[in-house]
Amino acid sequence: MAEVSNKQVIFKDYVSGFPTNDDFNITTSTISLKLPEGSKAVLVKNLYLSCDPYMRPRMSYTTESYVHSFKPGSVIEGYGVAKVLESGHPNFSKGDFVWGITGWEEYSLISLTETLIKIPTTDLPLSYYTGILGMPGMTAYAGFYEICTPKKGEYVYVSSASGAVGQLVGHFAKLSGCYVVGSAGSKEKVDLLKNKFGFDEAFNYKEETDLVACLKRYFPEGIDIYYDNVGGKMLDAVLLNMRVHGRIAACGMISQYNLHKQDGVCNLINIIIKQVRMQGFVVLSYYHLYPKFLEMILPQMKEGKIVYVEDIAEGLENAPQALIGLFSGRNVGKQVVVVAKE
């Protein structure tokens, strides 16, 4: 039975405030490259790992989230792309490429195979299945089309717009004939939004002292659709700038994840006054639409109508720093960790 070394990222203990490198350990164990007799699991070699904002709440102890907390002393887990080495499951075969929940390690034995999706085409970079063709792509698609139900000519605002989800929402808004403005945290990202992703306008929220006035400047007629990735003070300002029958997709609240005391939202009365529909959602509830999503997005990508940017970190040992960087806005585009290239 062949055993090989298996480098792993271990979560040390629950985190309060901003995570640091000290909250993780890089260790090496061993793993058998042969499935146990009668196992229905899948043994994979991990190729790419996805760094996502939802992973921060998992670093704190909670029993009230849609996804459980990380277990101290255990391997971090998250979305990734992997190659099947052995399979005891009838849906997967040796040599298949898959995306789904895997460990932050070189090799993983995956028992919860319902989290895995076979990759149907490899004529696009496999790393794209950590982002535009994976969970973030489905998040952008479900939140924008299923919840926000855009109409041609509407005014769309996207916060954290240069990230994995935000950049795609901007593309979808333009494809729907909408006017779209995005916000980000640096001049480099603002330039990217306007010059590469096709946003009509963009601004650096860190340079704005009055968010309500800022949004009024970019949306003098008000906002029809707000795709919210940040929550907090930005959400409060948006509520004062919504149009009648506006829609808000509450996707994430990254501005709040590291706070000991979260910001309150004071302007909720505008949901009543403006008859605004605000809906939170979890992408897991929309994976049944994945084939429909691919039918829409693959032709757009192959025709060059969608531009997609990744921020690549090389090596499993650099995964913690890449993940931490999400919460200070260091990444430009979708943050991906390369573990191996097949």
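Reply: What follows goes from the whole chain to one helix, and then to other places in the chain. A quick note on reading it: this is a predicted model, in which local features need pLDDT of at least 70 and side-chain atom pairs count only at pLDDT 80 or more, while totals for chains, interfaces and linings use all residues. Residues are numbered from 1 along each chain as its sequence is written, and side-chain values use heavy atoms, with hydrogens and water left out.

Let's start with the setting. The chain holds eight helices and 16 strands; both are DSSP runs numbered from the N terminus, with helices (H or I) of at least four residues and strands (E) of at least two. Its C-alpha atoms fill a box of roughly 70 × 45 × 35 Å along the principal axes. The radius of gyration is 20 Å, which agrees with the value near 20 Å for a compact globule of 342 residues. That radius is taken over C-alpha atoms, and the globule rule is 2.2 Å times the number of residues to the power 0.38.

Of the 342 residues, 54% count as buried. Here buried means under 20% relative accessible area, exposed means over 50%, and partly exposed is in between, using a 1.4 Å probe and protein chains only. Among contacts with a separation of 6 or more, 69% join residues 24 or more positions apart, where a contact means heavy atoms within 4.5 Å.

Now for our helix, α2, which runs over residues 166-175. Eight of its 10 residues are buried, so α2 is largely enclosed by the rest of the structure. Which residues of α2 are buried? They are Gly166, Gln167, Leu168, Val169, Gly170, His171, Phe172 and Ala173.

What do these buried residues pack against? Two of the partners are helices, α1 (135-147) and α7 (290-302). The strands are β9 (155-158), β10 (179-184), β12 (223-228) and β16 (334-338).

Have a look at both sides of α2 along the sequence too. In the loop between β9 and α2 sits Ser160, which has a positive phi of about 50° although it is not a glycine. Most residues other than glycine have a negative phi. With 32% relative accessibility, Ser160 counts as partly exposed.

The buried set includes Met135, Pro136, Tyr141, Phe144 and Ile147. Just after α1, Thr149 takes a positive phi of about 40°.

The other helical partner, α7, carries a link to another part of the chain. The side chains of Lys302 and Asp123 meet in a salt bridge, 3.4 Å from N to O. Lys302 lies in α7 and Asp123 in the loop between β8 (117-118) and α1, so the pair ties together parts that are 179 residues apart in sequence. A salt bridge is a side-chain nitrogen of Lys or Arg within 4 Å of a carboxyl oxygen of Asp or Glu, and the whole structure has 14 of them.

Another salt bridge joins Glu317 and Lys7, whose closest N and O atoms are 3.4 Å apart. Because Glu317 is in the loop between β15 (310-314) and α8 (319-325) and Lys7 is in strand β1 (residues 3-11), this pair ties together parts that are 310 residues apart in sequence. Both ends count as partly exposed: Glu317 at 42% relative accessibility and Lys7 at 27%.

Finally, here is a charged residue without such a partner. Lys189, found in helix α3 (residues 187-195), is buried yet has no salt bridge. The nearest side chain of opposite charge, Glu188, is 7.4 Å away; Lys and Arg count as positive, Asp and Glu as negative, and His and the chain ends are not counted. Leaving aside neighbours within four places in sequence, Lys189 touches Ser162, Ala184, Gly329, Arg330, Asn331 and Val332.
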